[in-house]
Amino acid sequence: MTLIDTQQQFTVRRPSEGKSSPADRSPSSLLPPAGHFIGGSFVPGSSSDVIDVIDPTTEQVIASVQAGTAADVDVAVEAAVTAQKAWGATTPKERSEVLNLIANIIEANRDAFETIESANTGKPRTVAEDDVASTIDTFRFMAGASRALTSMAGGDYATGHTSVILREPVGVVGVITPWNYPLLMAAWKIAPILAAGNSIVLKPSEQTPLSTLKLAELVAGRIPDGILNVVTGQGRTVGQRLSEHPDVALVALTGSVVSGQAVAATAAKSVKRVHLELGGKAPVVVFPDADLRAAAAGVRNTGYWNAGQDCGAACRVLVHESVAAEFTEHLVREVGTLVVGAPEAGADVEIGPMISRPHYERVKESLAEAAAAGLHMAIGGSALEGPGYFIEPTVISDVPAGAHIATHEIFGPVVTVETFASTEEAITRANESPYGLSASVWTRDSSLSLSVPKQLDFGTVWVNAHLVLACEVPWGGFKGSGYGRDLSLYALDDYSRTKHVMINHGA
Ligand code: NAD
């Protein structure tokens, strides 16, 4: 492959450079109350310990939230158990009205949610806008879908007996969310869980609790008390207690594989149901007949979205060796147009910072290891000057099979390019990953577009697209990416239980 050397230097655009967008607002006037949200109101925790919430663009503390304890979880679960009894007895229509109300509340406060989310995560305004729009759509979809739910038709399957299949809520669901899409990942859980008649105790990421607390503040008194409770704090305390609590029927976690393993191990002791959406390392398989410009643009738009901090990011390209140089040239040109900066530094900013200093250090370390191994940085490859945890958009080309950077989740603006010689090799190499969340195939050959996805071991496979999501279709992984499905009617199944009632005609 031809090596392409691009000397382009990325810089971090700051708001002081005069390109502030009109939608800019300081988050300080919008911050939610401190405290856990239990039984419909904010209450102090049992400990005086707090967790500082940092803006990763400025490295400044923007708020402090309670470091919840096991005792706080117990109070929240009690409230959720009480609330679930009445909530579980409501009709789908009544629950649908509550979900639509939540959607309306978020819609009426769009700007506040976008501002808080950008301040807490550093994500560009356009990403925050997309997150909030998708959050609203998630609640609206589940509001409609929950009214169309059916179970298997009843019937007479044993002589003199009639069977009825009931769909029931599971009870109280513990929810644990990550930092990359704090509000949207909360919505992916809250909407189907409430729609199915359950109540919730939710622990947001200790790094990004603000938008979830804001949601609690805005729905307080407008939805039934206790159906949605929020306890802030660390995974090893609050998350651990949710996973072991005897009155929690199911724990749903979106997060890393390590956290998923911890939750599943703890939940096993009480034979709790578990729903896990874990990491990913999406292969992007580019065949020689593909529209290479479109494939490169697709990787630009979805490998670097949210600064690559996305479980479905198009981060691992496998391109046929005959077109690798041409594809890489297109990709490097595309990536060179990305604007790095603070969320309020202009509507054209596409790359924000890493979420935290430890994560930034991890990404930097992965890049240093790749450089030390002699891998070629076709563009980017370094950290950018602070304040803020910014990393250059990076393309690493000519990556050999099995390289650490191409097999482990980096979760930053880093795309690797490997080559393959045959379709069989492409499929084998794509599947040689501990993850199985999502993948894409780029080809104009109709036969390949049908046969290759069937052989890929991933929960979502796009053809000539990547990271296109819709509420109607399921999202979830295979292998190390977990089990259970978010979105779609499948999520409603995951948060329901079925009961068979058989009636003896002769009794
Ligand atoms: P993380 O695992 O560090 O944290 C996720 C949540 O789990 C946090 O709320 C954390 O406090 C909690 N937690 C940590 N240890 C725990 C424990 N022992 N018991 C209970 N809870 C615990 O993940 P993160 O860094 O916040 O998010 C990034 C990860 O999430 C990446 O691996 C990414 O791929 C994954 N992710 C997956 C999806 C998906 O849909 N599959 C979506 C978004 C993010």
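**Domain arrangement, an annotated glutamate and a helix pair**

In the domain assignment, which is automatic or taken from a database, the chain is divided into domain 1 (23-278 + 481-500) and domain 2 (280-470). The model is a predicted one, in which local features need pLDDT of at least 70 and side-chain atom pairs count only at pLDDT 80 or more, whereas totals for chains, interfaces and linings use all residues. Residues are numbered from 1 along each chain as its sequence is written, and side-chain values use heavy atoms, with hydrogens and water left out. The centres of the two domains, taken over C-alpha atoms, are separated by 30 Å, and 28 residues of domain 1 are in contact (heavy atoms within 4.5 Å) with 32 residues of domain 2.

An unreviewed UniProt entry lists Glu277 under "active site", an annotation of a kind that may be inferred rather than shown by experiment. Glu277 lies in strand 11 (residues 273-277), strands being DSSP runs of E with at least two residues and helices runs of H or I with at least four, numbered from the N terminus. With a relative accessible area of 2%, Glu277 is buried, a term that means under 20% with a 1.4 Å probe and protein chains only. Beyond its neighbours within four places in sequence, Glu277 has contacts that include Lys189, Leu437, Trp475, Arg485 and Asp486.

Helix 13 (residues 423-431) packs against helix 14 (residues 446-455) at an angle of about 35°, the axes being 10 Å apart; axes are lines fitted to C-alpha atoms over the stretch in contact, and angles run from 0 to 180 degrees between N-to-C directions. Thr423, Ile427 and Asn431 of helix 13 make this contact with Leu448, Val452 and Gln455 of helix 14.

Key. Buried means under 20% relative accessible area, exposed over 50%, partly exposed in between (1.4 Å probe, protein chains only).
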